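Thanks for making the time this morning.

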Amino acid sequence: MWNNVKKNPINGRNYIIFSFLCLIILLGGCKARKMAEEIVKTPETETFQSFSANVDFSFTFPNEGQQLPTIGGQVRILRDSVIIFSIQPILGMEVARICVTKDDVMVLNRMEKKYARSSLRNLLKGLPSEGVYSGIESILLNQLWGEKGITTDLGEFKVVEVGTTRLVQRLYETSSLEYVLNEASDLVSGAAFDKTSTARWSYGDFSEKLMGKKFPRKLDISLYYNFSKDPFGVMGLYYKKIELDKIANFDCKIPEGYEMVEFKSMTSFLGTNVK
């Protein structure tokens, strides 16, 4: 998966695609054990149906000592349905859109009027695709990812008390998920591990309140490969304005006149054979 990553230039727009493709692959590994046939929402998570936020995306590459300029955009989530990343570097003008559903990932290149689409099954190369969408949604919404989707039930996990914090784990045959809860029971970090790669995410600035619960404005996602000490890259999201159940654009249709291209042409820096 990680072959030749360093040999390819990555701009901010591409790194957003890269980061979440890597998360999809890692989370697919965490579902290698057979799941229930249907993803069922737990009643306690049914507090809102949609989430919309203006976001500042930031990108750093510690090994290279590089930091890219911050890019503006939006994250929009229709619960248990679609996640949209809208890249808007200048005055709210969208230059790219990434749509993630339970079945596939689509990338729109507004500047060149091109699009690419790939099924999750194809991206995961034989790993189970069921439930991976819920994993991505859980990270963005500061939630735990349980056997049947987003959950607040710690009974689904192995819980270890470490001082004033709790380590919450779910183990699979070749991979694992791990969360850390602080003494106030805030979810402050998480990680997904497989045989060669790791994704870690951490939260900060719990200054927002959603449905009476503290919510972090800051999310950092770090990607590691081949057991490296330092991350290959870190993507930061800072939520500037959050609105729940707002009428928003969740359209993932292909605009008329757009040219279909191979998925790998949008993500050639991955060094994979994604089609």
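**Starting from Phe 51**

Let me begin with Phe 51, which, once neighbours within four places in sequence are set aside, is in contact with Val 75, Arg 76, Ile 77, Leu 141, Leu 210, Phe 215, Tyr 239, Ile 242, Glu 243 and Leu 244. Please keep in mind throughout that this is a predicted model. With a relative accessible area of 0%, Phe 51 is buried.

Which residues touch the most other members of the largest nonpolar core? That core has 55 residues, and those with the most such neighbours are Phe 51, Leu 140, Trp 201, Leu 237 and Tyr 239. Strand S1 gives the most to this core, namely 6 residues. There is also a second, separate core of 9 residues, with Met 106, Tyr 115, Cys 252 and Tyr 258 among its members. As background, nonpolar side chains in soluble globular proteins tend to be buried together.

**Aromatic rings**

Turning to the rings, a search of the whole structure gives 5 aromatic pairs. One of them is formed by Phe 51 and Tyr 239, and it counts as edge-to-face because the planes stand at 80 degrees, with the ring centres 5.5 Å apart. This pair links distant parts of the chain, since Phe 51 sits in strand S1 and Tyr 239 in strand S17, 188 residues apart. Tyr 239 is buried as well, at a relative accessible area of 1%.

Another edge-to-face pair is that of Tyr 179 and Trp 201, with 6.4 Å from centre to centre and 70 degrees between the planes. Here too distant parts of the chain are linked, with Tyr 179 in strand S11 (residues 176–181) and Trp 201 in strand S13 (residues 197–204), 22 residues apart. Both Tyr 179 and Trp 201 are buried. Coming back to Phe 51, ring pairs link it with Phe 215 and Tyr 239 into a cluster.

For those of you interested in charges over rings, Arg 79 lies over the face of Phe 48, at 4.7 Å from the ring centre, and Arg 170 lies over the face of Phe 157, where the corresponding distance is 4.9 Å.

**How the strands pair**

Which strands does S1 pair with? Strand S1 (residues 50–61) runs antiparallel to strand S2 (residues 66–78), to which 11 bridges join it, and S1 also pairs in the antiparallel sense with strand S17 (residues 233–244), over 10 bridges. S1 and S2 make a hairpin with 4 residues between them, and in its turn Gly 65 has a positive phi of about 65 degrees.

A further hairpin is that of S9 and S10, with 2 residues between the strands and a positive phi near 65 degrees at Gly 163. Strand S9 (residues 158–162) and strand S10 (residues 165–171) run antiparallel and are joined by 5 bridges, with Lys 158 having Gln 169 as its partner in S10.

Ser 50, in strand S1, is buried, with a relative accessible area of 6%. Its side chain reaches the backbone nitrogen of Lys 246 at 3.4 Å, and, leaving aside neighbours within four places in sequence, the residues in contact with Ser 50 include Ile 77, Leu 78, Arg 79 and Phe 250.

The side chains of Asp 220 and Lys 218 are joined by a polar contact of 3.4 Å. Beyond four places in sequence, the contacts of Asp 220 are Arg 200, Trp 201, Ser 202, Val 234, Met 235 and Gly 236.

I will end with helix H3 (residues 132–140), which is largely enclosed by the rest of the structure because 9 of its 9 residues are buried. After H3 comes Asn 142, with a positive phi near 60 degrees.

How values were computed:
Residues are numbered from 1 along each chain as its sequence is written. Side-chain values use heavy atoms; hydrogens and water are left out. Two strands pair if DSSP finds at least two bridges between them. Contact means heavy atoms within 4.5 Å. A polar contact is a pair of N or O atoms within 3.5 Å; within protein, one must be able to donate a hydrogen and the other to accept it, and residues adjacent in sequence count only if both atoms are side-chain atoms. Buried means under 20% relative accessible area, exposed over 50%, partly exposed in between (1.4 Å probe, protein chains only). Rings of Phe, Tyr and Trp (its six-membered ring) pair if their centres lie within 6.5 Å; planes under 30 degrees apart count as stacked, over 60 as edge-to-face and the rest as tilted. A charge sits over a ring if NZ of Lys or CZ of Arg is within 6 Å of the ring centre and within 35 degrees of the ring normal. A nonpolar core is a set of buried Ala, Val, Leu, Ile, Met, Phe, Trp, Tyr and Cys residues joined through side-chain atoms within 4.5 Å.
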